[in-house]
Amino acid sequence: MAIVFKKSYAVLLAAAFFLLYSTGRLELASPEGNVNDVDVKSDSLGGTPMQRIMSSSPNVKHHRTRWTGAGSIPRTVLTRHVAGWSVFENLYAHNGTFYIISEDPSSFPIMREMISSPNTMQSTTHNISLRDPTDSEMQIISPNEAIHRFGYSASHVNGVSFVVYDPREFTRHYYHLIGEILMGLWRTYSSLDTEISQTGETWLSAPSRIMFPLLDTDDWRDRAHINHIILRAAFPSISVEVSSDWKDRASTGQLYAFPMVALTARTAGHRGKEMWFDKPSSAPRTLPSSPYWWEPIRSNVLEYAGLQKGPDGLFEQPSKPVITYIVRQGRGRALKEEDHLELVEALEELKRKHRWEVNIVMMERYTKEEQLRLAGRTTVLLGVHGNGLTALLWMLQSPSATVIEIFLPDGFSADYATLAMMTGIEHYGVWYDKYFRTQGDSPPSRTSNPKGFHGNRIPVHGPTVAQLIEERILEPNKLSSKMGSADAASLRT
């Protein structure tokens, strides 16, 4: 049962809280409550300030989930699921293994679509088979078996838990952790509220913790030092648990009851058929949603960074279009220097011609807060394929909102196209003097990394990019590609 926090409902809130809490049914709300800022007049709740603070957290005595027999054990329910992404109610854990308690195992997907083994990911046939889960990762048992094994109670782990069952090679990167894992988990979990508003209002509780059972302490932190900032900005009260914490829980010998868990496992995601361009993080798009499902996260992050909202609850936007070119010169994958200079001149000409705001930036020279604020104001974001384009996550949805990704001709990767597709931003790929709309009629149909894809001699025709930008800003409903049929077919299988 969930609670919607509204100022005018303070009295009903207090009554509902007392009823739910006194009956032990307040399971879905995390200690910090709603994922948005809770703005309830404290004096309307009564009691001393300390009592009001404590009333929003679980009582120290309510630490056990108890049952009198098999009939009263809270059953595990799979609330949402696509391969690799699941939301469970009443999931259990013991000795490092997750347990589903149910009389009907057939009501759950096959295990390999929910979780995987802890083995690292490689592309060999042998390794793929090794990644199938065993009974050490997850089991389905009956209520009677649960009583036989664990008795008549469990330690109650309050709130919503996000669980990431991914190896370290996919967590130490801004794009992978925030753009794939966090975005995919939130898309899956937020499907429970299909009425998230344009301002990001939702009844969903913020996750109390994010758990990485396979990672060491710093394996979720990235080289650019932004993962922890995004995580804390989105969910200020969240705790992070890693493999040592998972082992600590296992060593107690206790059964733990998790009232709600959103769980992801990359290998399990690859078992499904819902992927777009073979990207597991795209599969949750098939679940129900509000068109503003990402706004609670985006809003929290941008307010943390210092962007201001107007009286209507929406962010104040620039009076003219903002074009941001993320420069990668001198950093591995990059443009030919002469083409970079031509592109800069073409962008400066747009600035002179239309008086648009043009930003030519090397993101590492800005603070993280400055990077986020700039992304939140940007209308058109462009750059060579690379981690910096993850900034598109913070762009506002609008008819002109566009990401332009420059590839080596005939090369393609759907990483940032997937983020754009998921968050409602148009994505265009550029091959020198040609471009294609990734969500259009003739996009590439597979990833291709020809020789030189990661090199520093990637060509681009600046005037062509400028032409595309003009089209997207002046004629946002004109969704076109500029390539011949032979070019469009060059990557199609």
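Visitor: Which order do the strands of the open sheet of 6 strands have?
Guide: The order is S12-S11-S13-S14-S15-S16, and the pairing is mixed. Strands and helices here are DSSP runs, of at least two residues (E) for strands and at least four (H or I) for helices, numbered from the N terminus. Two strands pair if DSSP finds at least two bridges between them.

Visitor: Which strands stand at the edges?
Guide: Strand S12 (357-361) and strand S16 (434-437) do; each has a single partner strand, so one side of each is left without a neighbour in the sheet. From one strand to the next, the twist averages 20°.

Visitor: Where do these coordinates come from?
Guide: This is a predicted model, in which local features need pLDDT of at least 70 and side-chain atom pairs count only at pLDDT 80 or more, while totals for chains, interfaces and linings use all residues. Residues are numbered from 1 along each chain as its sequence is written, and side-chain values use heavy atoms, with hydrogens and water left out.

Visitor: What pLDDT does the protein chain average?
Guide: The average is 87, and 83% of the residues score at least 70; pLDDT is the predictor's confidence in each residue, from 0 to 100. Over residues 1-32 the pLDDT stays under 50, and over residues 484-493 it is below 50. Where pLDDT is low, the predicted coordinates should not be read in detail.

Visitor: Back to the sheet. In which sense do S11 and S13 pair?
Guide: Strand S11 (residues 322-326) and strand S13 (residues 380-384) pair in the parallel sense, over 4 bridges. Threonine 324 is opposite leucine 381 in S13.

Visitor: Which helix lies across S11, S12, S13 and S14?
Guide: Helix H10 (residues 337-354) does, running at about 170° to S11. Axes are lines fitted to C-alpha atoms, for helices over the stretch in contact, and angles run from 0 to 180 degrees between N-to-C directions.

Visitor: How many residues of strand S10 are buried?
Guide: In S10 (residues 255-264), 10 of its 10 residues are buried, meaning under 20% relative accessible area with a 1.4 Å probe, protein chains only. In the protein chain, buried residues make up 55% of the 493 residues.

Visitor: Which strand pairs with S10 in the antiparallel sense?
Guide: Strand S3 (residues 85-94) pairs with S10 in that sense, over 9 bridges, and valine 87 stands opposite alanine 262. Strand S7 (residues 160-164) pairs with S10 in the parallel sense over 5 bridges, with valine 163 opposite leucine 263. Strand S6 (residues 153-156) also runs parallel to S10, joined by 2 bridges.

Visitor: Now helix H6: which of its residues are buried?
Guide: They are Asn227, Ile229, Ile230, Leu231, Ala233 and Ala234, which gives 6 of the 8 residues in H6 (residues 227-234). Among the elements that they pack against are helix H5 (174-189) and helix H9 (295-305).

Visitor: At what angle do H6 and H9 pack?
Guide: The angle is about 110°, and the axes are 8 Å apart. That makes H6 roughly perpendicular to H9, a term for angles of 65 to 115 degrees. Ile229, Ile230, Ala233 and Ala234 of H6 make the contact with Ile297, Asn300, Val301 and Tyr304 of H9, where contact means heavy atoms within 4.5 Å.

Note on methods:
Buried means under 20% relative accessible area, exposed over 50%, partly exposed in between (1.4 Å probe, protein chains only). Angles under 35 degrees count as roughly parallel, over 145 as roughly antiparallel, 65 to 115 as roughly perpendicular and the rest as oblique.
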